[in-house]
Amino acid sequence: METVGSLVDKLTINELKIYHMKEQFQRDDVDDEFRDDCKNRLGILEMQRDDLKEELQQLMDDVLSGKKKFKLYRQMKMYNEKKFKD
């Protein structure tokens with residue numbers, strides 16, 4: 001199962017890819033074939049973004065309705081604790 005953090009991370013990376021693909025599409029020094037390729041890739045990236053947004057929304061809906069719960073984990077650090085030192 002995806003976590004909220006992993007979905008937000010994927011969305012962030014995806015948005016950066018969309019931003020930079022739009023930059024490439026708008027370049028003045030490229031031909032139509034390059035622009036067409038960028039346009040196709042941009043469509044795929046936007047579809048992926050929409051899927052990730054939908055997955056995040058579904059996860060949040062499930063949490064808010066009680067279908068799913070977040071697990072909280074206690075930190076288990078061994079450094080700086082006297083009982084774990086030689």
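**Entry 1: the model.** A reminder to myself before I start: this is a predicted model.

**Entry 2: how the helices pack.** I began with helix H1, residues 4–25, and helix H2, residues 32–65. I looked up how their axes meet: they come within 9 Å and cross at roughly 160°. Angles over 145 degrees count as roughly antiparallel, and H1 and H2 are therefore roughly antiparallel to each other. I also checked the hand of the crossing, and for H1 and H2 it is left-handed. Next I asked which kinds of residue make up the contact of H1 with H2.

**Entry 3: H1 on its own.** What length does H1 reach from its first C-alpha to its last? I get 31 Å for its 22 residues, close to the 32 Å expected at 1.5 Å a residue. Then I looked for the buried residues of H1 and found Leu7, Leu11, Asn14, Ile18 and Met21. Seen down the axis of H1, these buried residues fall within an arc of 90°, so they line one face of the helix.

**Entry 4: threonine 12.** Staying in helix H1, I picked threonine 12. Buried, exposed or in between? Threonine 12 is partly exposed, at a relative accessible area of 44%. I then took its distance to arginine 49, which is 37 residues away along the chain. The two C-alpha atoms are separated by 9.3 Å.

**Entry 5: methionine 1.** I moved to the segment before H1, where methionine 1 lies. Its relative accessible area is 74%, and the cut-off for exposed is over 50%, so methionine 1 counts as exposed. From methionine 1 to aspartate 31 I count 30 residues along the chain, and their C-alpha atoms are separated by 42 Å.

**Entry 6: lysine 71.** Last stop, the segment after H2, which holds lysine 71. With 65% relative accessibility, lysine 71 is exposed too.

**Entry 7: to keep in mind.** My picture for now is of H1 and H2 running roughly antiparallel with a left-handed crossing, and of H1 with its buried residues lining one face.

Conventions. Residues numbered from 1 in each chain as written. Predicted model: local features only at pLDDT ≥ 70, side-chain atom pairs only at ≥ 80, totals over all residues. Heavy atoms only, no water. Axes fitted to C-alpha atoms, helices over the stretch in contact; angles between N-to-C directions. Helix = DSSP H or I, 4+ residues; strand = E, 2+ residues; numbered from the N terminus. Parallel < 35°, antiparallel > 145°, perpendicular 65-115°, else oblique. Left-handed = near helix turned anticlockwise from the far one by under 90°. Nonpolar A, V, L, I, M, F, W, Y, C, P; charged D, E, K, R; others polar. Expected span 1.5 Å × (residues − 1). Buried < 20%, exposed > 50% of the residue type's maximum accessible area, 1.4 Å probe, protein only. Arc of directions from axis to C-beta.
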